[in-house]
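Here is a short briefing on one protein chain.

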Amino acid sequence: MKGIILAAGKGTRLYPMTKPVCKPLLPVYDKPLLYYPLTVLIQAGIREILIIVPPGEEAAFTSLLGDGGEIGLHIEYKVQKVPRGIADAFLVGKEFIGDDSVCLLLGDNIFYCPYFEEILKSAQEQKEGAAVFGYWVQDPRPFGVVEFDKRGKAISIEEKPAQPKSNYIIPGLYFYDNQVVEIAENLIPSARGELEITDVNLEYLKRGQLRVKPFEKGLTWMDAGTADSLLEAAEIIKALQKSGQYIGCIEEAALKEGFVGLEQIRKRGEALSMTKYGQYLLTLKRKNEPKSED
C-alpha cells in the first residue's frame with residue numbers, strides 16, 4: 001500500500017498566517033503540522049509516500065523532509081496546479097499509485113490514540129473496497145456525514161448537509177483499493193467545481209464495498225484548518241506531551257516500524273539536541289537501545 005498526503009490547500013481561512021508559508025508547514029506546538037499525518041502513514045507501515053503540494057512550495061517541503069531516506073521512507077512530491085477537491089489527489093497521484101492500494105490523509109488532520117497502530121493495520125487488511133472511519137462531533141454540518149442503520153451498517157453519506165442524519169462525520173483518513181483511480185476519473189465535479197471525496201465513498205457504498213468503522217472513545221481527531229482549531233490542537237498536544245505521550249514524532253514511528261535504526265535516531269537527536277524534540281529523540285535511543293552484556 002502507498003500513502004498520499006494532500007497538503008495543497010491554500011489555507012485561506014488562516015490568512016494572513018498562510019500568506020508567507022503553506023498551511024501544512026505551520027507549527028502545531030513543537031513541530032510542523034505535516035508531521036502529524038506523516039506519522040499516521042508511518043504507523044500504518046507505509047514507506048512509499050506522495051505529498052501533494054501547492055505551486056511554488058516544492059522547495060519548502062523538500063527542505064523539511066527531503067526524500068525521506070533519513071527515516072527509511074521514499075517520499076515524492078507533486079504539485080496540484082489547481083485546487084479541484086480532495087478526490088483530485090488520485091488523479092494527481094495516478095502514476096505514483098500505479099497498481100497499488102492507497103491510503104489518503106489530509107494535510108491538516110491530526111489523529112491520536114494510544115492503540116492507533118492497531119486501528120490502521122486493521123483497515124489496511126481489507127484487500128478489496130474502501131475503509132473509512134466515523135467520528136462523533138457536536139456539529140456535523142461542515143463535514144461529510146455518515147448515517148448508520150440499526151445494525152451499525154453505513155447506509156448513506158451526505159456532504160455538508162443542512163439537516164444531518166447523524167452526528168458521525170468521516171474525517172480525513174481513507175483507505176482504498178486500486179478501484180479508486182477509476183472512480184476518481186469518472187467523477188463529475190460538484191456544484192462548487194470540486195471532485196468530492198464523498199462521491200468516491202458513495203460509489204464504494206453503491207458497489208457494496210464500503211466499510212465505515214466508528215472510532216471508539218479514546219481517539220482524538222483535530223482538523224487544524226482555522227486559527228481557533230490550530231491553537232486548540234497545539235494546546236491539546238502540549239497537554240498530552242506533558243503527560244508523557246509524545247505526538248507526531250516521525251522518527252519514533254519509523255523506529256517502531258523498523259524503518260530506521262537507533263544510530264540514525266541518535267544522529268538526528270544530536271543534531272537537534274538544543275531543542276525539546278532533539279532531546280526526546282535521544283531519550284528514544286536510551287529507551288530502545290539493547291542492554292549491554294557484561
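The chain exposes about 14500 Å², an accessible area from the Shrake-Rupley method with a 1.4 Å probe, where for residues only the protein chains shown count as cover. Carbon and sulfur atoms supply 50% of that area. This is a predicted model: local features need pLDDT of at least 70, side-chain atom pairs count only at pLDDT 80 or more, and totals for chains, interfaces and linings use all residues. Residues are numbered from 1 along each chain as its sequence is written, and side-chain values use heavy atoms, without hydrogens and water.

**Overall fold**
- The chain has 11 helices and 14 strands (DSSP runs numbered from the N terminus: H or I, at least four residues, for helices; E, at least two, for strands).
- A compact globule of 294 residues would have a radius of gyration near 19 Å, and the chain agrees, with 19 Å (taken over C-alpha atoms; the globule rule is 2.2 Å times the number of residues to the power 0.38).
- Along the principal axes, the C-alpha atoms fill a box of roughly 65 × 45 × 40 Å.

**Burial and contacts**
- Of the 294 residues, 50% count as buried (under 20% relative accessible area, 1.4 Å probe, protein chains only).
- Among contacts with a separation of 6 or more, 74% join residues 24 or more positions apart (contact: heavy atoms within 4.5 Å).

**Helix H1**
- H1 spans residues 35-43 and is mostly covered, with nine of its nine residues buried.
- Its buried residues include Tyr35, Tyr36, Pro37 and Leu38.
- Glycine 45 follows H1, with a positive phi near 85°.
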